Amino acid sequence: MLAARRRGDWLTSQFFFVMVASMFPLGIGPDPNTLRMIGPGVVWVSALLASLLSLPRLLAEDFRDGSLEQMLLTPQPAVLLALGKSLAHWLIYGVPLLLISPILGIQFSLPAEAIAILMLSLLIGTPILSLLGSVGAALTLGLRGSGVLLTLLILPLYVPVLIFGAGAVDAIMAGTSAESHLSLLGAILVSTLLVAPWIAAAALKVSIE
Amino acid sequence: MSESVATLSVHDLRCTRGDRELFSDMNFTLHGGEALLIQGGNGQGKTSLLRLLTGLAQPAYGEVRWRGEKLARTSETYHREMAYIGHLNGIKDDLTPIENLRLAAQLAGRTLDEAQAEEKLCQLGLGRCLDLPCRVLSFGQRRRVALSNLLCSNAPLWILDEPLTGLDVHGVALLENLLKSHVDQGGMAVLTTHQPLSLEGANIHALRVGGPAQ
Amino acid sequence: MAINLYYYASPATFYQLSGKLIPWFGWSAAILTLIGLYISFFVAPTDFQQGEAYRIIFIHVPAAWMSMFIYLVMAFWGAIGLAFKTRLSFMMSRALAPTGALFTFVALWTGALWGKPMWGAWWVWDARLTSELILLFLYIGIMALWAAIDDPQRGDRAGALLTLVGAINVPIIYFSVKWWNTLHQGASIKPSGTSMHEAMLAGMLIMAFAAWFYTIAVALYRVRTLIIERERNSEWVKALTGK
């Protein structure tokens, strides 16, 4: 919805994503088998953390300079605003992350088809993170220590996404089909898309008051 | 059509902040061609009142009506016909003044071409900084950008919270003229200010919020 | 009927009413706990599979029930509050949260104590234990949000929204954790599905009722405190405290 003019802003969360994921081999050891086993989980957990890192900025700036007020005072419904904000977050956080993820897949010596599924699961999963995250960002708007608080509120809600996302990759590596995981993930995406913007809009109104 | 007459009315309004009651039983009606100057000391609820009038905040009791309808029911119309400037200017630091005006127009579902935006900005004496990002503008200049946004909105009702803050003598005179011509043309304005404002000749009412000044 | 409900929804009347109810619920909770504990330790027979250690379920199961149920009740009050703007419902929601978190914690704790002799480990990534842990996180998140927001009205509504989001999510979380658990072949040994001895069932039910009454008594007590705190500027509170 709004141009992301500050390049530095969104690059940080991508670097963060890569760095967190790269720490695990250093802590665990370079054995390819172990890495292959933990790889999907690590990439997914890093993706969750990266989304949390970029979320507070989603609304904070607009809140600080007063544009959020002005946006709420436009004739457009607040739900559209919330949806637009989630979309913007996904575009600057989710899409680049998606493009970087194969590199991490190689780091963790994942086979090619697993990397493909990893990207697919991230493609379906990261919009859910953006949508749920917008609820959290709206609730914690303008509060002291909102970053930590946001993590506390939203991380438990991310659990299903993590399970099905990482599970899809595990399934394909175990030689079974990832289809059921991905379709469940898709179902979560659809239902989140239907519910989250409304709640985020309500939360925005509460927070701006 | 009596309901189409542009009026802003307040009925039995009560406002609380935390557990403190700021004011209660407030009633007034504002018609086209009238301005309302809200007075009161710091922390007496001037800003809270304005936020209630914009619909950003919900009253603890009572209601605000626009054209005789409760705000919650008519919010789309109301937001099209009302322009608000709060303590914050609501402009993006990374954009130039022109881009800011056009973005605001776009968000509000209006169209505004570059020439129109330029004209309004020049009207507020910003002719020399059209292409600079707002980050480098002074506080007063940014305030002027926000005010030109007001002009672009063509809204009959202006709600202004301390519009004079940061403006120099010329800026104040400019705003006085703008307000006068807005009200003379049948517009409405609700504003708060601590500075003296000369609006001679305009149909202006005063309202004191909270108890007598301490 | 509707008038009556509104009558009790006013904080002033509710304050009086709850003051009368608290001792009743408090004492029933205490008595039921004593009876329940007596049954669980002396009447209920020793389980032939699990020995004496199983007796912790008399605390564990009611606590786990309450932890989930209280969350739903909180969500219910939050929804009512958002829909009808009743102050009292938000206060109910707030008053329930600490008790809910306490029961969740107790359920986890006793689960661990039970797990040690049964599974040979304090913690097993069993589906129910994991869901319970996430529920505890949800409780903590909500209470942290309340603590961070100074304005009570904003806090009320933000907390209610979060509770609702959580309530929608709880079944999904439970389902996903269960799914995850079966795929990963967790080391859980489920308690055998034999029919429960009557005394066991009675003990558990009595303990559940005790937990119920305890929750009601404590929640009412907290609501009273909240009411007094919020309404300290109103006429009836001033009249109550005298002077």
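**Salt bridges and the A–C interface**

Over all chains, the structure holds 7 salt bridges, each a side-chain nitrogen of Lys or Arg within 4 Å of a carboxyl oxygen of Asp or Glu. This is a predicted model: local features need pLDDT of at least 70, side-chain atom pairs count only at pLDDT 80 or more, and totals for chains, interfaces and linings use all residues. Residues are numbered from 1 along each chain as its sequence is written, chains are lettered from A and ligands numbered from 1 in the order written, and side-chain values use heavy atoms, leaving out hydrogens and water.

Start with Arg51(B) and Glu69(A). Their closest N and O atoms are 2.8 Å apart. Both residues are buried (under 20% relative accessible area; exposed is over 50%, partly exposed in between; 1.4 Å probe, protein chains only).

Now chain B. Glu81(B) bridges to Arg67(B) at 2.9 Å, N to O. Glu81(B) is buried, at 16%. Glu63(B) and Lys70(B) pair at 3.8 Å. Glu63(B) is buried at 19% relative accessibility; Lys70(B) is partly exposed at 36%. Shared partners join Glu63(B), Arg65(B) and Lys70(B) into one network.

Next, chains A and C. How many salt bridges cross that interface? The rule finds 0. In contact (heavy atoms within 4.5 Å) are 28 residues of chain A and 29 of chain C. The two chains bury about 2,400 Å², 77% of it on carbon and sulfur atoms. That is accessible area (1.4 Å probe) lost on being put together, summed over both parts. On chain A's side, Leu139(A), Leu157(A) and Val206(A) lose the most area to chain C, together 23% of what that side buries.
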